[in-house]
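Here is a note for a colleague who is meeting this structure for the first time. Please read the points beside the sequence and the model.

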Amino acid sequence: MADMPDTDSAPQSATSSASSAVAEPAQQPTALVYDAAMLTHHVPDEFPEVPDRLELGIAMIEGLIAEETLAADRVLRLDARPATHDELATVHTPAYITKVQMAVERLKERAGDDAGPVKFATDVYISPGSFTAATLAAGAPLVALDAIGEGRARNGYALVRPPGHHARPAQAMGFCLFNNVAVAARYAQRRWGWQKVLIVDYDVHHGNGTQEMFYDDADIVYFSTHQFPWYPGTGASTEMGTDAGKGTTINVPLPPGSGWSVYDPVFRQVLWPVADRMKPDVVLLSAGFDAHWKDPLGDMRLSNADFSDLTLEVTEIADRYCDGRLVVVQEGGYHLDAVAQCMATTLVALTGSDGIVDTLGLAPPMHSRWNDEAIVNALYQLHDLAGYRRKPRRVGKRIETPPTQSE
Ligand SMILES: [Zn+2]
């Protein structure tokens, strides 16, 4: 785990233009849902998914607000609440929920409230604070959805851990206990009547749990970009859903080394047509920052600025179809500086700004690049898509016309 910015990469201007392009004053703020109790889910030394990830991220966000780089009135701070047993049971089996709860209770009885972490499942540990942390992580997105539904926020960011997208109906795996984004999708339908839910997942790993929970669901579209083949092994493009859900799972498996030149056309030419076809009532974003070029658990090449652009693209989809209703749910990301800066950048993006926090810069150049056209065309045909978004034209710096000879 690297803790310090690289000294060999030129530091870029931190928080460029974060305050200059904030959306219109009439726009509602962004709900930021967090609870420090999520830091009490402890893990062994050398484990990637550490409390510092969130602690550094929230500290960076608070720094931006304190410096007024991010206007305080653009952010609505809200405490998380634990998801209830019934809410968790919309995607998990009751027996599994009880199993997690009892395992934590037994640990506390056996070893006390200060007990160290013990193994619960493959790549999943629990400590005395884990059930509280995990239910808060599943409940935080629901607080954001309520703030949006009640008109107090335009969109929201659930800054949570443990992450969720690998959690299966009756099994913990891959650092995940409960599937936070999946609980949110069901809650959006039941509490707010937002039936058509688009879940976008740009974490470097495939969200096998999320896919499994909605694989036969006609109303919930799961769109995932991920390194492939890679942990957890699922996510081939031919996994497209079943029965009523046929065609509602859109997997975009990408080769290692993929960067902006691949993600950008995938979002414009695959995600946008998918959104155009389904016209979502609400959008959820499983935001994992482990596709960052510095991340120790992935081999992708996205930068903080790239994540900002991908997030802004998703906000535009929400603007187009559902009055901006979007909740970002934190997933992975294991390089501490990259993840903290991406968390701050994501919140800035949700307020409508393209400002980025970045001391890490771009990935080093590749000697070759993937054929993004072939990747996009294959998906386009597989899912029978129509239409796409053009690359937005950036406004270049004005160049003075030189005087002609005859003058
Ligand atoms: Zn991940």
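1. The model is a predicted one, in which local features need pLDDT of at least 70, side-chain atom pairs count only at pLDDT 80 or more, and totals for chains, interfaces and linings use all residues. Residues are numbered from 1 along each chain as its sequence is written.

2. An open sheet is formed by 8 strands in the order β2-β1-β5-β10-β9-β6-β7-β8, with parallel pairing; strands (E, at least two residues) and helices (H or I, at least four) are DSSP runs numbered from the N terminus, and two strands pair if DSSP finds at least two bridges between them. At the edges lie β2 (75-79) and β8 (249-254), each of which pairs on one side only. From one strand to the next the twist averages 15 degrees.

3. Within this sheet, β1 (residues 30-34) pairs with β5 (residues 155-158) in the parallel sense over 4 bridges, and V33 stands opposite A158 in β5. Helix α9 (residues 336-350) packs on the sheet, where it touches β1, β2, β5, β9 (282-287) and β10 (326-330), and its direction makes about 165 degrees with that of β5; such angles run from 0 to 180 degrees between N-to-C directions, the axes being lines fitted to C-alpha atoms, for helices over the stretch in contact.

4. Leaving aside neighbours within four places in sequence, V283 is in contact (C-beta atoms, placed from the backbone, within 7 Å) with residues including L198, V200, V314 and R325.

5. How do α4 and α5 pack, and at what angle? Helix α4 and helix α5 (residues 180-192) pack at about 35 degrees, with their axes 8 Å apart. Among the residues that meet are A137, L142 and G149 in α4 and A184, Y187 and W192 in α5.

6. R389 lies in the segment after α10 (372-382). Not counting residues up to four places away in sequence, R389 touches R268 and W272, while P265, 124 residues apart from R389 in sequence, is 8.8 Å apart in space, C-alpha to C-alpha.

Definitions and conventions: Two residues are in contact if their C-beta atoms, placed from the backbone, lie within 7 Å.
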